[in-house]
Amino acid sequence: MDLRIFTEPQQGADYDTLLSVAKATEELGFDAFFRSDHYLAMGDGDGRPGPTDAWVTLAGLARETRRIRLGTLMSAATFRLPGVLAIQVAQVDQMSGGRVELGLGTGWYADEHTAYGIPFPKEKFPRFEEQLAIVTGLWATPDGETFSYDGTYYQLTDSPALPKPAQAKVPVLIGGSGPTRTPRLAARYADEFNLPFQSVEDSAKQFGRVRDAVAAQGRAAGSMTYSSALVVCVGKDEAEVARRAAAIGREPAELRENGLAGTPGEVVDKIGRYAEAGSQRFYLQMLDLSDLDHLDLIASQVASQLS
């Protein structure tokens with residue numbers, strides 16, 4: 001069972017904090033370090049010291065780590081032109097020695113767009129679909145050939161389709177709970193389907209829709225990985241669970257219902273229920289990035305029971 005660490009730096013974390021978490025992620029044996037791609041804090045916090053760019057951060061971490069996978073949940077298609085994004089991801093993949101994964105979504109948080117002067121178009125989903133076609137098409141173009149694309153929103157003419165990633169194929173993640181278009185796009189472009197912050201029952205339903213779309217696309221059933229992203233709050237006893245919940249402004253009961261929370265045994269049992277629903281990989285959303293002892297506890301008391 002893959003356990004990956006997932007961070008939300010827009011809530012308040014500088015690069016040095018993220019580097020500390022990434023190094024702990026590697027040292028403690030987790031599979032990967034992922035981060036959100038946002039420019040504005042959500043909720044009551046002010047986000048100080050301010051946002052860090054996802055791909056700038058991952059470029060730095062690519063040179064500071066050796067084993068863990070690195071990626072985004074999810075990069076916003078509204079933030080970048082697809083040709084530029086293909087270059088950025090390919091370069092970071094080279095810098096990491098082939099350890100990068102691209103999670104890509106439509107973009108949804110209107111306030112961060114207006115806060116930083118980023119256009120927020122109404123037609124997000126069709127733009128997202130064109131971005132997927134362009135990014136994957138640029139990477140797949142044989143060396144020495146060119147790539148052109150004539151879409152509604154983007155046009156590329158005779159692109160050299162360079163640079164190439166270090167990996168033969170950078171894994172692409174698509175996620176979401178949309179019942180029709182999302183499974184179809186995932187079946188066409190994704191290597192992994194991620195479902196964030198959903199119940200066991202809703203996860204099983206959406207994974208089923210994606211499996212049907214994968215079959216309709218003519219793909220092998222095993223060619224898609226299914227994953228869940230859930231907030232994590234683990235304590236060796238109830239007092240520690242309560243302390244960690246308070247540190248992120250949440251209640252233990254709510255976290256138990258909507259995330260992976262409680263004692264190590266409780267969390268292992270909850271992961272088992274998600275696994276029965278189809279989850280093969282878990283992104284553990286860490287909201288208190290100063291609490292590295294939390295990572296240590298998960299590695300020693302949760303991951304050890306799943307290996």
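How many nonpolar, polar and charged residues does the lining of the largest pocket have? Let's get there by clicking around. One caution before you start: this is a predicted model, where local features need pLDDT of at least 70, side-chain atom pairs count only at pLDDT 80 or more, and totals for chains, interfaces and linings use all residues. Residues are numbered from 1 along each chain as its sequence is written, and side-chain values use heavy atoms, with hydrogens and water left out.

Stop 1: A pocket here is an open set of points on a 1 Å grid over the protein atoms alone, where a 1.4 Å probe fits, with protein on both sides within 12 Å along at least five of seven lines; lining residues have an atom within 4 Å of a point. The volume is about 1100 Å³, taken as the space filled by probe spheres set on the points. And the opening question: 17 nonpolar, 19 polar and seven charged residues. In that scheme Ala, Val, Leu, Ile, Met, Phe, Trp, Tyr, Cys and Pro are nonpolar, Asp, Glu, Lys and Arg are charged, and the others, Gly among them, are polar.

**Stop 2: strand 12.** Now colour residues 281-286. Strands are DSSP runs of E, at least two residues, and helices are runs of H or I, at least four, numbered from the N terminus. Six of the six residues in strand 12 are buried, so the rest of the structure largely encloses it; buried means under 20% relative accessible area with a 1.4 Å probe, protein chains only.

**Stop 3: Ser-203.** Jump to helix 7 (residues 200-216), where Ser-203 lies. Ser-203 is buried, at 1% relative accessible area. Its side chain reaches the backbone oxygen of Ser-199 at 2.7 Å.

Stop 4: Finish on Ala-161, in the loop between strand 7 and strand 8: its phi is positive, about 60°, although Ala-161 is not a glycine.

Terms used: Buried < 20%, exposed > 50% of the residue type's maximum accessible area, 1.4 Å probe, protein only. Polar contact = N/O pair within 3.5 Å; in protein donor to acceptor, adjacent residues only side chain to side chain.
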